[in-house]
Amino acid sequence: MTDLLGWRSRLPRGGPQLAALALALAANAVVSPDFFHLLLRDGRLFGSPVDILNRGAPTVLLGVGMALVIATRGIDLSVGSVMAIAGAVAAAGVAHGLPWGVSIALALGAGVACGLWNGLLVAIMGIQPIVATLVLMVAGRGVAQLITSGRILTFDEPHLLWIGGGAIAGLPVAVVVALAAAALVLLMVRRTALALFIEAVGVNPQASRLAGVPSRAVLVYVYLVSGLLAATAGVLAAADIRAADANNAGLWLELDAILAVVLGGGSLYGGRFSLGLTVVGALTLQTLKTCILRAGFPPEFNLIAMAGVVAVVLVIQSPAVGALGGRLVPRLREVRL
Amino acid sequence: MSWVVRLATSAALALILTGCGRSAGPAQHAGQLTVGFAQVGSESGWRSAETRMAQDAAKQRGVILKVADGQQRQENEIKAIRSFIAQRVDAIFLAPVVSTGWDEVLGEAREAKIPVILLDRPIETKDAGLYLSAVAADNTLEGRVAGEWLVGRLGGKACPVVELQGTVGSTLVANRKKGFQEAIAKAANIRIVRTQSGEFTRAKGKEVMEGFIKAIGGANICAVYAHNDDMMLGAIQAMKEAGLKPGKDILTVSIDGVPDIFQAMAAGEANATVELAPDMGARALDVLAAYRKTGQAPKFVQTPSRLFLPDTAAAEYARRKGLY
């Protein structure tokens, strides 16, 4: 299934993605010479690579969920709004005196509910994913604003602050949470038949249903996971700024998540996905953003620089260039990550 | 469930119908003014405060204020204005979400002889007669007040400044930037070493400040100028997490005057903010009252851009907490 076109086996899997990340890191090292300088203070690592992991954590979470959804030939545009809802629920919870654990559970529950809603619209009602999730993308931010009554809800609950500023084993909590969640999802899909089901549904829903794959359940499941991961990202983002910013939390982040999947070699036509490479894609994106911020260009160039670099990376990964590279290096075999 | 909806709809319909029946003349009770307010939306705490204070001011003056939330879309605001015209309100307040494309609908208001007062943002039009008056702050002045505070505070000490800009491309950002530059132009000791967009949000403000600290070192930054308080609140966290003391190691000055910045000032973590007064509704009502009495109105009413410092911060926070 991974080799229908015959071009992909000529280059090692993940090669272009890792090369892009390495290039992005190298660009950073040029821009700021002490980029790789790490420093341990108060039991927490400080340094630019840690910043990239920390800032990239929400995109990593969204990207992993998005990779599963896209593999079923779907798309989840609502993840940014779900982030805003989850952050608002968590902040409103502690503001109303609920224990922090309950507030976070409610926030994650809201994410699951949103995912379920998307899943039902797509799997049961048969609405096209881009339309079905657009509903929540637009309305969800309104729901979040309703919860915060249009204000930025600031909180000082110590446990939530620890999630934003604390460390586990020297790494920021957000980084540990994001990587652990990604690893968990990876185990869940690759150690069971789930990944096969997801890819089967993406390649041909009818055929897979006839072959006995519970395609509706698989669809609901991927949207549910995407919602849960988005809610997790929402809690992390709120904890990071110690406030729920319903208007801006996760704004346009669904596009970053889609880009991370594409940079990770996922096909928007479904059926092919790699969670590991999606994480690499998300981190590449964040590394580029960091590089642009550090370079000291006037801010008017931010978006242009980003677009240019992304275009170059995508061209490098394209089948045409892959085939060219394959002819130059004919004997490299596929390496599975 | 559906019968509740149906009942509510028919009740609302009945209300509208009887309302229409009664108002052969202007839709108002005897002697009471009705004003329609086409508001941008509720996209920020400041915007909500502006709406709330306009409602309070209307209540105090016995004016009926109908607020239409445009949800940050021009077509919604245009629809709201048309419905206000149909209801034959006595005046329309408009906080325009964008600056162009208002000529047609404001022309309709003029034909219906309903005066329009612009709030908070300007519009671009060749025909200034389309609106009666505009109530707004001078954004260049805000930047200048912020810059002058820094010049005075430093007293000649050399000072590299980093700037957190708002969303690239808006007039507001250009003016707040220009005002600050004008103020520090005479001071050779102050120069802006880095400028980057924090998109008016806390999260981006924090991320960009983190980058500034890594790129040039916290010890090489003497002050931060942010185009709004929210970005500064994010930057303050970035400084604290990098082991710096905002307000002491690095001076801060920002614009808007939202409650949380007063809390930060009271805690000694911020130094100054320039208020963008949210009481524009009250000023517009005053302009309207004077216009109805004398038939004259000033074309532009400038709201003050006051500087607030830590000494009054605790009291100001208590006063604003409920408003925003």
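How do the residues of the lining of the largest cavity divide into nonpolar, polar and charged? The model examined here is predicted, with local features requiring pLDDT of at least 70 and side-chain atom pairs counted only at pLDDT 80 or more, whereas totals for chains, interfaces and linings use all residues. Side-chain values use heavy atoms, without hydrogens and water, residues are numbered from 1 along each chain as its sequence is written, and chains are lettered from A in the order in which they are written.

A search of the whole structure finds four cavities of 30 Å³ or more, a cavity being a set of points, on a 1 Å grid over the protein atoms alone, where a 1.4 Å probe fits but cannot get out. The largest cavity has a volume of about 50 Å³, a volume being the space filled by probe spheres set on the points, which are joined across faces, edges and corners. Its lining, made up of residues with an atom within 4 Å of a point, divides into one nonpolar, three polar and five charged residues, where Asp, Glu, Lys and Arg count as charged, Ala, Val, Leu, Ile, Met, Phe, Trp, Tyr, Cys and Pro as nonpolar, and the others, Gly among them, as polar. α12(A) gives the most to this lining, with four residues; helices are DSSP runs (H or I, at least four residues) and strands likewise (E, at least two), numbered from the N terminus. Both chains take part in the lining, which includes A:Asp51, A:Arg55, B:Glu207 and B:Glu210.

Two of these lining residues, B:Glu210 and A:Arg55, also meet through their side chains in a salt bridge (2.7 Å, N to O), defined as a side-chain nitrogen of Lys or Arg within 4 Å of a carboxyl oxygen of Asp or Glu. Across the interface of chain B and chain A, three salt bridges are found. On the side of chain B that touches chain A, α7(B) gives the most, with nine residues, and the residues of that side divide into six nonpolar, 13 polar and 13 charged.

Conventions
On a 1 Å grid over the protein atoms alone, a cavity is a set of points where a 1.4 Å probe fits but cannot get out, and a pocket is an open set with protein on both sides within 12 Å along at least five of seven lines; lining residues have an atom within 4 Å of a point.
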